[in-house]
Amino acid sequence: MSFDSIIMVDWSASNTPSPAKPSKDAIFVGQDDRRPVYCRTRAEAIALIEERLRNTPGRILLGFDFAFGFPKGFAQALTGRAEARAVWAELAGRISDGKNNENNRFQVADALNAETPGEGPFWGRPAGLNLAHLDMKKRKTAAYPEFREIEGQAKGAKSVWQLAGAGAVGSQTLIGLAHLHRLCEAFGDEIAAWPQDSGWAMPDARITLVEIYPALLDRSPLKALSDGWDDSDPIYAIPDAVQVRALCHAFHQAQAQGRLEAFFAQPAGLSDAERIAREEGWIFGVFADAPSLQPPPLRNDCFALPPGVDWTPVDDALALLKERLTVVTPVKTAPLSQALGCVLAAPQTAPRAQPPAPNSAVDGYGFAHACLGDGPHRLPLMQGRAAAGIPFTDPVPYGAAIRILTGAILPDGVDTVVLEEDVSTDGQAIAFREGVKPGANTRKAGEDVELGAQLLSKGHVMRPADIAHLASVGIESVPLHRRLRVAVISTGDELRDPHEAAGPGQIYDANRPMLLSLISDLGYEPVDMGRLPDDRTVIRAALSEAARTADVILSSGGASAGDEDHISALLTETGAMSMWRIAIKPGRPLALGMWENTPVFGLPGNPVAALVCALVFARPAMSVLAGAAWKTPQGFDLPAAFTKRKKPGRREFLRARVVDGTVEVFASEGSGRISGLSWADGLVEIGDGARDIVPGDMVRYIPYASFLA
Ligand code: AMP
Ligand code: MG
């Protein structure tokens with residue numbers, strides 16, 4: 001089943017008519033390849049849409065950019081039925097929306113907050129509008145989840161409870177759903193909403209209603225389908241007009257390629273799919289092509305340890321992480337120029353040989369080697385020359401020579417080049433000594449890269465040399481994993497930020513700046529979540545916020561099992577946490593767990609332990625999450641310049657540096673001694689067993705740089 005026409009609507013919750021001149025943040029109605037229509041009011045837009053629906057023959061796909069449902073539990077609480085459609089009907093009865101956009105959405109939200117059981121979820125309103133049950137700010141606790149399942153997966157989507165402020169979608173949703181209900185009433189059996197009415201199937205009705213979210217387009221595989229239409233009309237200076245036009249184009253492209261029907265399929269890995277379809281809904285096309293392009297979520301129990309494990313040796317911990325983790329970042333095609341530091345998502349093969357044709361490796365004179373008799377040689381010189389990019393197109397007669405420069409294609413009749421320095425010439429002929437080998441000073445076609453050869457494998461992290469390698473065969477764009485986003489949280493009542501005054505019981509936060517810069521160094525995108533007090537409610541909210549924006553969370557502090565160890569307590573609450581008591585020094589227990597589908601590395605608070613655990617455990621794990629290979633740092637065996645007696649049982653990492661070929665270690669092993677981290681250039685790793693090290697014994701030294709490679 002295909003669609004004959006595609007209509008995409010960029011909706012607005014404005015209180016007044018939009019300006020007469022087409023402007024942004026107003027309503028645009030796009031249809032197929034037609035110029036999007038600017039509508040000053042919702043009434044005008046609905047009239048236009050109804051007219052288009054009546055007069056366009058055939059099957060129509062109709063998209064609106066607001067949420068078609070609310071997070072779990074709200075529909076039931078409001079209407080007694082866990083169905084989005086029941087909420088639409090309820091809102092249609094409550095929302096009034098006048099000819100000039102005058103509407104009562106804030107009052108309705110205020111009433112809904114007052115009426116529904118538990119704390120009202122809606123928030124955000126104009127400062128001047130005082131409503132008893134509608135706050136300006138988000139509440140710390142609310143009776144309903146902040147996000148629908150789809151918003152949890154499509155990182156970056158806003159909460160539908162938020163009615164005002166940048167990017168808010170709540171107001172559009174309240175008003176929009178009332179209109180959707182009326183539209184459905186008007187068209188009866190002719191219209192059906194996906195997935196609310198059809199489950200995870202393409203509806204049969206003539207008009208299919210879907211929720212879209214153009215702002216997420218950039219991160220969706222649809223992006224690749226959305227280009228290639230004529231945007232010269234000045235209306236496309238307005239982003240909203242571009243969005244509806246680009247979406248119409250993308251969906252048409254997908255349909256032409258036979259991929260559109262797959263967009264209706266039930267998303268992989270949903271545990272509660274039927275309820276989600278009915279109650280919450282989904283954003284159409286946001287994970288289009290999901291099976292190959294959107295990695296499946298990590299298992300919630302991916303950090304669970306085998307039962308009965310007490311102290312886990314470092315190698316076992318690493319093996320477990322290596323086995324359990326998989327890539328989490330989606331894939332997007334980007335120009336090669338943007339690939340530096342990114343992870344390649346597919347192997348690259350050569351579309352062309354390099355060099356494409358045999359050519360000269362030096363400046364000199366070319367000829368056919370077979371024509372040479374005994375030396376010394378004298379060959380008549382042809383007029384003209386062969387230069388790089390400017391070939392000599394005539395054949396060179398047997399027995400003659402031609403002037404040739406480095407990189408020039410060998411003309412027909414030339415297979416050997418003699419170096420200019422080895423030749424004397426009067427402009428008419430050349431003379432040179434014997435001893436030139438057949439094929440000397442030439443490069444064969446494909447000697448660097450043969451046509452079709454594999455250049456780089458999937459998971460390769462792109463360096464400048466790799467960019468040259470791909471560019472040399474004309475590769476213009478490559479599929480890349482989106483950079484891994486890593487959120488960093490510091491916890492501790494004692495912590496202060498640099499601009500703050502610090503009392504005697506307070507210390508400056510060292511871990512967060514350290515971890516944020518480590519993440520940049522590793523080529524990932526750091527997300528600073530700030531420092532948090534030892535307050536479980538605050539930390540809980542921050543973890544959720546971090547899980548929304550990032551792919552992985554690194555926290556420091558509060559990872560043990562004490563009173564103020566909230567990170568481990570919270571991760572335990574979700575049931576998805578494992579306290580990893582790893583036999584490592586420095587490093588108290590590492591708390592590893594999943595928070596809302598996002599892996600959390602709860603690092604120790606002591607800065608030395610935090611860095612060692614981040615380098616030893618989080619770094620290779622993040623490499624896998626980012627789409628690259630597991631990484632083992634390159635170490636070097638060097639003679640020790642120190643004495644150390646070590647007991648068996650734990651692996652130890654010492655702050656170290658190399659001076660004159662021997663390894664020195666920092667005087668103190670205290671895990672609070674940040675100065676030693678900075679004094680060092682790397683770490684010495686001493687194995688799990690007992691060791692008695694005296695100067696001259698070989699020890700394994702791992703430079704910091706090995707962790708970044
Ligand atoms: P915790 O793991 O929270 O018990 O912290 C262990 C030790 O590390 C305590 O002495 C903390 O004050 C210290 N610490 C925790 N977080 C940081 C941080 N971000 N920067 C510097 N020191 C910290
Ligand atoms: Mg603490």
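A backbone N or O atom of Gly605 lies 3.1 Å from an oxygen atom of ligand 1. Asn606 also takes part: one of its polar backbone atoms is 3.2 Å from an oxygen atom of ligand 1. Asp509 uses its side chain instead, with a polar atom 2.7 Å from a nitrogen atom of the ligand. The model is predicted.

**Around ligand 1**

- Taken alone, ligand 1 exposes 490 Å², and the protein buries 77% of that.
- Strand S19 (485–491) and strand S21 (507–508) are the elements that give two or more residues to the shell around the ligand.
- In total, 16 residues surround ligand 1.
- The closest are Glu494, Asp509, Ala510, Gly558 and Arg588.
- By type, the shell divides into five nonpolar, eight polar and three charged residues.

**The chain as a whole**

- The protein chain has 709 residues, and buried residues make up 52% of them.
- It contains 17 helices and 34 strands.
- Along its principal axes, the C-alpha trace spans about 105 × 75 × 45 Å.
- The protein chain exposes about 30,500 Å². Carbon and sulfur atoms supply 52% of that area.
- Take the contacts in the chain with a separation of 6 or more: 69% of them join residues 24 or more positions apart.

**Helix H15**

- Helix H15 covers residues 607–625.
- Is H15 buried or exposed? Of its 19 residues, 19 are buried, so the helix is largely enclosed by the rest of the structure.
- The helix has a kink of about 40° at Ala618.
- Just after H15 comes Gly627, with a positive phi of about 105°.

- Most residues other than glycine have a negative phi. Two asparagines are worth a look here.
- Asn101 is not a glycine, yet its phi is positive, about 75°.
- Where is Asn101? Look in the loop between helix H3 (84–94) and helix H4 (105–115).
- Asn101 has 2% relative accessibility, so it counts as buried.
- Asn597 is not a glycine either, and its phi is positive, about 70°.
- The loop that holds Asn597 runs between strand S26 (590–595) and strand S27 (598–603).
- Asn597 has 43% relative accessibility, so it counts as partly exposed.

**Cis peptide bonds**

- Most peptide bonds are trans.
- The bond from Gln354 to Pro355 is cis, with omega near -5°.
- Pro355 sits in the loop between strand S8 (348–349) and strand S9 (359–360).
- The bond from Gly375 to Pro376 is also cis, with omega near -10°.

Technical notes:
Residues are numbered from 1 along each chain as its sequence is written. Chains are lettered from A and ligands numbered from 1 in the order in which they are written. This is a predicted model: local features need pLDDT of at least 70, side-chain atom pairs count only at pLDDT 80 or more; totals for chains, interfaces and linings use all residues. Side-chain values use heavy atoms; hydrogens and water are left out. The bend at a residue is the angle between axes fitted to the seven residues ending there and the seven starting there. Helices (H or I, at least four residues) and strands (E, at least two) are DSSP runs, numbered from the N terminus. Buried means under 20% relative accessible area, exposed over 50%, partly exposed in between (1.4 Å probe, protein chains only). A residue is near a molecule or strand if one of its heavy atoms lies within 4 Å of it. A polar contact is a pair of N or O atoms within 3.5 Å; within protein, one must be able to donate a hydrogen and the other to accept it, and residues adjacent in sequence count only if both atoms are side-chain atoms. Accessible areas come from the Shrake-Rupley method with a 1.4 Å probe; for residues, only the protein chains shown count as cover. Ala, Val, Leu, Ile, Met, Phe, Trp, Tyr, Cys and Pro count as nonpolar, Asp, Glu, Lys and Arg as charged, and the others, Gly among them, as polar. Contact means heavy atoms within 4.5 Å.
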